[in-house]
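Please work through each task before reading its solution.

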Amino acid sequence: DIAWTLPVTGNLLPVVVYLPGLGESRTSGESWRTAWAQAGYAVLSLQLLDADQKVWSSAAARRGDFVVLARERYAKEAAITRLKALVALLTELQKGHDNDEALLRRLDLSRIAIAGFDVGAYTSMLIAGEMPKENMESVRLPISVTAFIALSPYADFSGSTFTTRYQSIVAP
C-alpha cells in the first residue's frame, strides 16, 4: 500500500522513499512529501509493517504500556522484518523501472534517499549503517541509496557508544 507524490513535469527525478512513524499510514508526512515533490523529487511513501500502522489499537497501547510497545516495535525481529520489506519494495521498484513502466521510467534510481519519521527514521538509520546494541544480520539493498533523512529518530542511550553505533555511516 504505497502513495506517490510527484512533480507534475520532469524526468530523471531523484527519489525519496518516505517511511512514516508508529501509528501512521502511507499518507502521513504530507507537508514533507509535498515540499520534496515541489523541489523536484518523486516521493514514494509506505508503512512497511501493518502492525506499525495499527500500533495504537494494540493491547499494549490500550493498557497505556508504552515501554512494552516501544520494546516490541523497535525489537530486532521487527526491525529485520521492516528491512526485508524495504528490500522487497526496492526490488519491485527496480523491476518496474527495468520493464519501462510509465510512472517508473520518470525516476532516476541512481539518486535515492530513504527518509523516515520515528520508527521510519530508525529504519533509515539502520540502512545507513547504524549498529544497534543487538547485532543484526546485514541486509543488502538491490538499489544503491545515496542519502538518509532521520526525522525524530528513536533515542536509545543504552548499549554501545555513539562513536561505535554510528561509525559505519558514510553517506549524508
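**Exercise 1.** Are Tyr74 and Tyr122 buried or exposed?

Solution. The model is predicted, and local features require pLDDT of at least 70, side-chain atom pairs pLDDT 80 or more, whereas totals for chains, interfaces and linings use all residues. Residues are numbered from 1 along each chain as its sequence is written, and side-chain values rest on heavy atoms, without hydrogens and water. Buried denotes under 20% relative accessible area, exposed over 50%, and partly exposed the range in between (1.4 Å probe, protein chains only). Tyr74 is buried, as is Tyr122.

**Exercise 2.** How many aromatic pairs are there, and how is the pair of Trp32 and Phe117 classified?

Solution. Rings of Phe, Tyr and Trp (its six-membered ring) pair if their centres lie within 6.5 Å; planes under 30 degrees apart are stacked, over 60 edge-to-face, and the rest tilted. The count is five aromatic pairs. The ring centres of Trp32 and Phe117 are 5.9 Å apart with planes at 45°, so this pair is tilted. Trp32 is partly exposed at 35% relative accessible area, and Phe117 is partly exposed at 25%.

**Exercise 3.** Classify the pair of Tyr74 and Tyr122.

Solution. The ring centres of Tyr74 and Tyr122 lie 5.4 Å apart and the planes stand at 65°, so the pair is edge-to-face.

**Exercise 4.** Which residues form one aromatic cluster with Trp36?

Solution. Tyr18, Trp32 and Phe117 form one aromatic cluster with Trp36.
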